[in-house]
Amino acid sequence: MGECNFDPHLQMLLNRYILMSIALIGFSFTLKNKKSLWLAIITAISFWSGYTLQCDFKLIDPERVWRYVFWVGFDTVYLLILFGLYKLKKVETWQFAAICCLQAFSFFIQLLRLPDAHKFNYIYTDGFYSLSMNLYNILIIIVVALPTIITIHGKIKEYRNGRYEHRNGNDRGMFDARY
């Protein structure tokens, strides 16, 4: 039970997945990429709520059995929300498909961990589980970030090639008072 002896607000600020999701929200908002913005917001809420609920479920489940069922249910809710956004055309098809594949991977890892925790005292999945779940979280961030990265790359390319549209509509840039 000593797993949750930390200040949750400080630790939440230091959580890299939440910070990356918040940064993606900012970039998507700035670039006016609405589909990426929706996905980044839902992913940030998912990471934040999962992070804040993990200690409560560790305290409720000292036998370490039901927490894996909870995470499968939690991921299912995340996937159902994304499905609703996909049906409303707020999420790209390829992103939804990639997240579905990653969720299937997560479900498999969680359900593989359940019998190992209950019957074998984490003999088989100890290092594999933490590595796999970190990989899963990183891949979710990459899937969410990829459209924003592509948009930024396109803007940089336009700027370098001289095809960047300035805010005031002329070729002299923003400092037309000098001319």
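Q: How many helices and how many strands does the chain have?
A: Keep in mind that this is a predicted model. The chain has six helices and zero strands, and when it is read along the sequence the pattern is α-α-α-α-α-α.

Q: What share of the residues of the chain count as buried?
A: A residue counts as buried when its relative accessible area is under 20%. Of the 179 residues in this chain, 36% count as buried.

Q: How do the axes of α5 and α6 cross?
A: Angles over 145 degrees count as roughly antiparallel. Here the axes of helix α5, residues 93–119, and helix α6, residues 126–160, come within 10 Å of each other and cross at roughly 165 degrees, which means that α5 is roughly antiparallel to α6. The crossing of these two helices is left-handed, and the contact of α5 with α6 has, by class, 17 nonpolar, five polar and three charged residues.

Q: Where does aspartate 61 lie, and is it buried or exposed?
A: Aspartate 61 belongs to the loop between α3, residues 34–60, and α4, residues 66–87. With a relative accessible area of 5%, aspartate 61 is buried, because the cut-off for that word is under 20%.

Q: Which backbone nitrogen does the side chain of aspartate 61 reach?
A: The side chain of aspartate 61 reaches the backbone nitrogen of tryptophan 66, at 2.8 Å. If residues up to four places away in sequence are not counted, aspartate 61 touches Trp66 and Arg67.

Terms used. Residues are numbered from 1 along each chain as its sequence is written. This is a predicted model: local features need pLDDT of at least 70, side-chain atom pairs count only at pLDDT 80 or more; totals for chains, interfaces and linings use all residues. Side-chain values use heavy atoms; hydrogens and water are left out. Axes are lines fitted to C-alpha atoms, for helices over the stretch in contact, and angles run from 0 to 180 degrees between N-to-C directions. Helices (H or I, at least four residues) and strands (E, at least two) are DSSP runs, numbered from the N terminus. Angles under 35 degrees count as roughly parallel, over 145 as roughly antiparallel, 65 to 115 as roughly perpendicular and the rest as oblique. A crossing is left-handed if the near helix is turned anticlockwise from the far one by less than a right angle, and right-handed if clockwise. Ala, Val, Leu, Ile, Met, Phe, Trp, Tyr, Cys and Pro count as nonpolar, Asp, Glu, Lys and Arg as charged, and the others, Gly among them, as polar. Buried means under 20% relative accessible area, exposed over 50%, partly exposed in between (1.4 Å probe, protein chains only). A polar contact is a pair of N or O atoms within 3.5 Å; within protein, one must be able to donate a hydrogen and the other to accept it, and residues adjacent in sequence count only if both atoms are side-chain atoms. Contact means heavy atoms within 4.5 Å.
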